[in-house]
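Dear colleague,

I am passing a structure on to you, together with some notes that you can read beside it. Please keep the sequence and the model open as you go through them.

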Amino acid sequence: QVQLVESGGGLVQAGGSLRLSCAASGVIFSINTMGWYRQAPGKQRELVATITSGGSTNYGDSVRGRFTISRDNAKNTVYLQMNSLKPEDTAVYYCNAPRVITTGRPIFDSWGQGTRVTVSS
């Protein structure tokens, strides 16, 4: 079993910053890609950013230039630094690991429980 636990959400004013963290725990050998997605009320879940173990990143169009994803491979932890936050960034942010290599069978499509980010205008 693999668990992803997010932290760092909260309430912030527009223009402010927040840093989210997601730590993966379990019997983990390696995780290639980790990422962040978000879901606003009444909307579909959307990509925020992903990062590979080698450091290659990909961002959603709405956050590119404002958010930065990073990770600590040794800690199986991924971070999301969010700057210049806008009210439209308000959502529940979810951590994702599409494939986790364990000492047994790989585990596919792991998700965290989500952390809420609210940006006030």
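Does Tyr-37 count as buried, partly exposed or exposed? Tyr-37 has 22% relative accessibility, so it counts as partly exposed, where buried means under 20% relative accessible area, exposed means over 50%, and partly exposed is in between (1.4 Å probe, protein chains only).

Before going further, please note that this is a predicted model, in which local features need pLDDT of at least 70 and side-chain atom pairs count only at pLDDT 80 or more, while totals for chains, interfaces and linings use all residues. Residues are numbered from 1 along each chain as its sequence is written, and side-chain values use heavy atoms, with hydrogens and water left out.

Aromatic rings and charges

The count comes to one aromatic pair, if rings of Phe, Tyr and Trp (its six-membered ring) pair when their centres lie within 6.5 Å, with planes under 30 degrees apart called stacked, over 60 edge-to-face and the rest tilted. The partners are Tyr-37 and Trp-111, whose ring centres are 5.3 Å apart and whose planes stand at 65°, so the pair is edge-to-face. Tyr-37 belongs to strand E5 (residues 33–39) and Trp-111 to strand E11 (residues 107–111), so to speak of distant parts of the chain, 74 residues apart, is to describe what this pair links; helices (H or I, at least four residues) and strands (E, at least two) are DSSP runs, numbered from the N terminus. Trp-111 is itself partly exposed, at 32% relative accessibility.

Arg-45 lies over the face of Trp-111, 4.6 Å from the ring centre, and Arg-19 lies over the face of Tyr-79, at 4.1 Å; a charge sits over a ring if NZ of Lys or CZ of Arg is within 6 Å of the ring centre and within 35 degrees of the ring normal.

The disulfide

The structure holds one disulfide, a term used for a pair of cysteine sulfur atoms within 2.5 Å. Cys-22 and Cys-95 form it, with their sulfur atoms 2.1 Å apart. Cys-22 is in strand E3 (residues 18–26) and Cys-95 in strand E10, so the pair ties together parts that are 73 residues apart in sequence. Cys-22 is buried, at 0% relative accessibility, and Cys-95 is buried with a relative accessible area of 0%.

The core

In the largest nonpolar core, which has 30 residues, Trp-36, Leu-80, Met-82 and Tyr-93 touch the most other members. Strand E10 (residues 91–102) gives the most to this core, with five residues.

With best wishes

Conventions:
A nonpolar core is a set of buried Ala, Val, Leu, Ile, Met, Phe, Trp, Tyr and Cys residues joined through side-chain atoms within 4.5 Å.
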